[in-house]
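Dear colleague,

Please find the structure below. A summary of the findings follows it.

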Amino acid sequence: MPGEATSTVTASRWASRRPVLRRGHGRDPLGLRQALLGPLLPAVALAMTLLAALALGGAAGAQALALRWQQGAAAAVTVQLPDMEAPRLARTLAALRELPDLVDARPMDQDRLAALLRPWLGEVPALPLPPILELRFDPLPDNPEGLALRIISVVPGATVETQGVWVARLVALAQRVRGTALAAVALVGLLAVGVVMVGIRAGLAARQDVIVILHDLGATDGDIANRFAGRVALLCGLGGLTGLLLAVPVLLAFGGLAAPLMGRMPVVRLAELPWQTLPWLLLAGLPLLMAGLGWATAELTVRSWLKRLP
Amino acid sequence: MARRAGGLYVGLMVRFTSVGLRYAPPAGSSDPGVGQDVLADLSFELPAGSFHWLLGPSGAGKSSLLRLMQLALRPSRGEVEVLGTVTSRARRQDMPALRRRIGVVFQDFRLLPHLSAFDNIALPLRIAGRAELALRADVTEMLRWVGLETKAESLPPELSGGEQQRIAIGRAVAMRPALLLADEPTGNLDAVQSRRVLSLLQEMHRMGTTVVVATHSESLVNAYPGPALRLARGRLER
């Protein structure tokens with residue numbers, strides 16, 4: 001064999017170098033392109049990203065609705081009083097503070113009241129505004145209608161508006177929906193890890209002989225695990241991207257349907273879809289997250305599997 | 001202990017001291033044969049640069065002994081020292097570098113079927129991080145050495161048994177290993193191909209590589225006489 005004069009020196013120099021299985025040149029020593037990993041992982045990543053994107057979109061929508069409703073209904077109950085002098089107003093307030101579960105009762109700020117009425121009445125500075133009290137309860141009353149009757153018995157001539165109770169309930173519901181949606185995202189992540197792990201184990205089983213040969217040729221655990229992890233990350237990332245592309249039109253359609261709830265006009269044209277309200281940054285992170293989850297799961301699974309070799 | 005002097009190893013390449021090997025039974029196995037000693041009380045030394053036959057009938061433990069030398073197994077008892085490293089004391093992360101200095105040839109070739117002859121030979125060089133440009137020249141030279149320069153792009157299933165074994169030898173010696181192990185390398189070959197494979201192994205020996213060839217074929221040993229380790233039922237016969 002030619003080159004023997006320097007053979008051992010060359011060999012030991014290369015043997016002691018930090019090994020890295022070279023990429024490029026279409027080399028695929030593990031044959032991962034032909035292993036089971038191919039069709040399974042992108043499909044899983046697609047489905048998981050689609051679910052996660054829908055859940056994230058739902059969470060963002062629920063949060064926006066809750067915020068809007070909270071702003072629109074600062075109090076659970078509003079009481080419009082008949083015109084009265086300040087001393088009588090103070091007595092009325094004191095009487096109302098005796099109501100069970102009342103945590104706050106105060107007159108509504110006149111400027112805020114004017115702002116609330118402005119869309120209907122316009123700027124009419126001279127218009128006298130009735131005194132309005134805002135009442136907050138904790139917990140919310142179970143029977144808003146009964147409460148209204150009780151308030152009228154305390155303040156004869158008052159007009160009671162208990163719609164805020166229902167708004168507060170809707171806000172609480174929206175917040176729970178948001179929490180549930182975020183939990184669904186976490187669950188999707190866990191499921192993705194589980195399914196990726198199963199896929200990788202299938203790939204390891206299919207390529208066991210090849211892996212043992214590489215190991216015997218001096219490949220480190222890191223070499224082999226990085227090969228698997230790189231391939232898994234690529235497949236999960238591509239699947240995730242496809243899932244996201246499928247999710248975006250669905251989210252926009254839901255956003256369009258919810259437009260009236262957010263105080264916007266119903267959507268009739270493409271440009272009116274709520275493009276700006278989607279959580280784009282979070283959504284864009286999903287394929288990356290999917291690729292990262294795949295990479296980390298593959299690294300852990302393969303390195304753990306390789307521990308059985310000496 | 002083997003040490004380097006002017007690029008060649010001198011002294012001992014392999015030392016076995018009271019080595020025993022027992023495969024752990026699979027979980028739930030009730031087979032009484034499993035878990036018994038495959039090798040027992042093996043003590044011997046192989047000088048650097050030597051050529052040895054490893055002889056014995058099928059089932060005598062030749063492959064297990066080679067796998068211990070190849071660092072694909074760790075002994076259940078005793079000490080195995082290869083290339084100056086006692087394997088039972090070596091850290092796991094140090095083993096890959098050691099394995100890259102040991103070439104192995106198997107009876108069933110163990111080529112990667114989806115890689116061309118060129119890429120199979122290039123594999124250990126790529127694992128070692130060799131630059132693609134330098135590697136190309138070395139692999140081409142290796143293909144020429146085994147007489148298969150025209151089959152560089154052929155996949156293993158497209159090659160004959162003898163050709164596959166020569167590719168396997170090319171892969172085993174691509175890193176210019178200090179120790180070359182061959183497990184029944186001619187077991188699946190006809191007489192002509194067997195002679196060709198043996199002459200390649202002997203050429204490696206002439207160039208200073210320590211070579212151990214396991215076979216159960218006495219006729220092969222008679223054709224190429226040399227010192228031998230004889231195994232019977234997991235023990236060395238003197």
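The model is predicted. I begin with S50(B), which is found in the loop between β4 (37-47) and β5 (51-55) of chain B. S50(B) has a relative accessible area of 11%, and because the limit for a buried residue is under 20%, S50(B) is classed as buried. Leaving aside residues up to four places away in sequence, S50(B) touches H205(B), T209(B), T210(B) and V211(B).

Aromatic pairs

Over all chains, the count of aromatic pairs comes to two. In one pair, the ring centres of F16(B) and F44(B) are 4.6 Å apart and the planes stand at 25°, so this pair is stacked. The pair links distant parts of the chain, with F16(B) in strand β3 (residues 12-22) of chain B and F44(B) in strand β4 of chain B, 28 residues apart. Both F16(B) and F44(B) are buried.

The rings of F51(B) and W53(B) have centres 5.4 Å apart and planes at 80°, so that pair is edge-to-face. F51(B) counts as buried at 7% relative accessibility, and W53(B) is buried with a relative accessible area of 0%.

Nonpolar cores

The largest nonpolar core has 47 residues, and those with the most contacts inside it are I200(A), I211(A), L214(A), I224(A), F228(A), L283(A) and V302(A). Two or more residues are given to this core by each of α2 (37-72), α6 (163-206), α7 (208-216), α8 (221-257) and α9 (280-306) of chain A, together with α3 (117-127) of chain B. The largest share, 12 residues, comes from α8(A). Apart from this core lies another, of 42 residues, among them F51(B), L125(B), L135(B) and V197(B).

Helix α3 of chain A

In helix α3 (residues 86-96) of chain A, the buried residues are L89(A), T92(A), L93(A) and L96(A). Viewed down the axis of α3(A), these buried residues fall within an arc of 100°, so they line one face of the helix. This spacing may be read against a general rule: an α-helix has 3.6 residues a turn, so residues three or four places apart point the same way. On the other side of α3(A), P87(A) and R91(A) are exposed. The buried residues of α3(A) pack against β2 (102-107), β3 (132-137) and α5 (144-154) of chain A.

With kind regards

Definitions and conventions:
Residues are numbered from 1 along each chain as its sequence is written. Chains are lettered from A and ligands numbered from 1 in the order in which they are written. This is a predicted model: local features need pLDDT of at least 70, side-chain atom pairs count only at pLDDT 80 or more; totals for chains, interfaces and linings use all residues. Side-chain values use heavy atoms; hydrogens and water are left out. Buried means under 20% relative accessible area, exposed over 50%, partly exposed in between (1.4 Å probe, protein chains only). Helices (H or I, at least four residues) and strands (E, at least two) are DSSP runs, numbered from the N terminus. The arc is that of the directions from the helix axis to the C-beta atoms. Contact means heavy atoms within 4.5 Å. A nonpolar core is a set of buried Ala, Val, Leu, Ile, Met, Phe, Trp, Tyr and Cys residues joined through side-chain atoms within 4.5 Å. Rings of Phe, Tyr and Trp (its six-membered ring) pair if their centres lie within 6.5 Å; planes under 30 degrees apart count as stacked, over 60 as edge-to-face and the rest as tilted.
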